[in-house]
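Subject: Structure for your reading

Dear colleague,

Please find the structure below, handed over for your study. My notes on what was found follow directly after it.

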Amino acid sequence: ALVAYWQGKGATPGGLGVTEFAPGYPVAAAFLRFLGLPTVWALGLLTMVGAGVVLAMFMALLRINMPGARLQSRAMYTVLGLALAPTFVKSALVSMSDAMALALLIGSLFFSVRSIERLKPFDAVVAVLLAVAAVATRYALAPLLAPMMLALLLLWLREKRYGHLAVGVGVAMLAAIPLILYTNTAVHGPLQHSLVGHWSVLNFFKRTFHDVNGSTTYLLPNFIYVFYPLFHPAFCIMLPGLVLLFKRTDVALSSRRVLSICLVFYLFFLGGFTHQNLRYLMPAYVVLLVLLFPAWDRFFAYGSYFFKKLTNGLLLSALVLQTAGIVWTLRPVVQRHNLERETADVLKQHLKPGDVFYGFDLDVAMLTYLPEVQHRNLWMEAYPSFEHGAWVLFNEPRLKDQWKGKNPMVNWQALEATGRLKVVREVADGWTLYRLE
């Protein structure tokens, strides 16, 4: 839609999708596609480059946060703690906004920390620019970055750098212009997000929620979910041990205290959501890794010197467990990918360019596999009517309970009520392709 808009062939995107999903990632992908890069390559490039930037900036952030640590210690911590964290590996392989948002976040934190510790005003301006880009890519990063931006503001005022303050505000406003151009509702998008609308302190003690995402029940309540980065196997198996080695002096630096406030504020924000997702915890996990690095460095330095065999054994065990966690985490991703490919192959046998296609869930992947088709998402809105000859992909047994009374089931019931639905083919895993006669 964005490429068509830039080419003068369509209107500015809008609606529920703009409110629910931050525009940064699709805008970046659309720009690469506008330059001639195929959609699949554009999405993959943003993800892979983002993951690489995350690792590089994380190493840099560790160095600026603890200059005395050896390169070997920082490198091993980055590999075990971040590069082999199952959730991070997943974000580096799946074409979603996670890696790009995380890269912008860590970049902003790096320049913020360096500005605070070394009083470099230009770093603060870069930090503000990256912070705006990060929020534009993932709305939920706003509460994590807000304390850091406030700390920079207070630093500028204390140092009487009013010129740099004006530049920082100007940069933030200029960086927000693409959001305004993207859609006239994007400025209000974060505040109109369904998760914000349902936010409540009472959600800390709940595990069953009813919102725009339907009805969902999770294993544990939110007040335990927000601590997953400490002990969940999808992150890092050695973190509980590092917590035991943590000292109060590890947050003695001003920048570390601000990072601690960012972490607490963000987890408090997540605890009030009506949705649990390990992806949302990745930013908190990265900040937690930075705060626990001094504990790791003590373990690595003393262990390598006094208990070398024991330390190597523990590191090897952590490596094996992290690898097993990656396999466990990626298994459903691979299954999902195979389902999407199989479904796309079936649809290509029946749909022609220009055909109208109604779908939900799997339709997101079909946007990439069948870009020439006119896609209609059954979640975006309740349609008053449906085109003759349109195609429908749906899985009623899987979706009927979670989405009862919501747009996907409302539209499905309306489709059934037309009496014109004809089963064309059973696809896989309960998904069925229909056509409106």
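Predicted model: local features only at pLDDT ≥ 70, side-chain atom pairs only at ≥ 80, totals over all residues.

Phenylalanine 209 stands opposite threonine 216 in strand β2. A hairpin of 2 residues joins β1 to β2.

The nonpolar cores come next. The largest nonpolar core holds 94 residues, and the members that touch the most others are Phe58, Tyr77, Leu82, Met148, Tyr285 and Trp296. Helix α17 supplies the largest share of this core, 15 residues. Which residues does tyrosine 77 contact, leaving aside its neighbours within four places in sequence? They are Phe58, Leu62, Leu82, Met238, Leu242, Leu289, Leu292, Phe293 and Trp296.

Tyr77 is also one of the buried residues in helix α5, which spans residues 71-83.

A second, separate core of 34 residues includes Val392, Phe394, Trp412 and Leu436. Tryptophan 412 lies in helix α21, residues 407-417. Is tryptophan 412 buried or exposed? Its relative accessible area is 2%, so tryptophan 412 counts as buried, the limit for that term being under 20%. Not counting residues up to four places away in sequence, tryptophan 412 touches Val392, Phe394, Glu396, Leu421 and Tyr434. Tryptophan 412 and tyrosine 358 are 54 residues apart in sequence, and their C-alpha atoms are 9.9 Å apart in space.

I turn now to the cavities. How many cavities of 30 Å³ or more does a search of the whole structure find? The search finds 2. The largest cavity contains about 70 Å³ of space. Its lining consists of Ser91, Asp98, Ala99, Ala101, Leu102, Arg138, Leu141, Arg279, Met282 and Pro283. Two or more of the lining residues come from each of the helices α7 (98-118) and α17 (278-306), and α7 gives the largest share, 4 residues. Sorted by class, this lining has 6 nonpolar, 1 polar and 3 charged residues.

The second largest cavity has a volume of about 50 Å³. Around the second largest cavity are Ser115, Leu119, Lys120, Pro121, Leu155, Trp156, Glu159 and Arg161. By class, these are 4 nonpolar, 1 polar and 3 charged residues.

Most residues other than glycine have a negative phi. Aspartate 361, although not a glycine, has a positive phi of about 75°. Aspartate 361 lies in the loop between β3 (356-359) and α19 (363-369). Aspartate 429 likewise is not a glycine and has a positive phi, of about 55°. The loop that holds aspartate 429 runs between β6 (421-428) and β7 (431-436). Why does aspartate 429 count as exposed? Aspartate 429 does so because its relative accessibility is 58%, and exposed means over 50%.

With kind regards

Technical notes
Residues numbered from 1 in each chain as written. Heavy atoms only, no water. Pairing = 2+ DSSP bridges. 1 Å grid on protein atoms, 1.4 Å probe; cavity = no way out; pocket = protein on both sides within 12 Å on 5 of 7 lines; lining within 4 Å. Points joined across faces, edges and corners; volume = space filled by probe spheres on them. Nonpolar A, V, L, I, M, F, W, Y, C, P; charged D, E, K, R; others polar. Core = buried A, V, L, I, M, F, W, Y, C linked by side-chain atoms within 4.5 Å. Buried < 20%, exposed > 50% of the residue type's maximum accessible area, 1.4 Å probe, protein only. Contact = heavy atoms within 4.5 Å.
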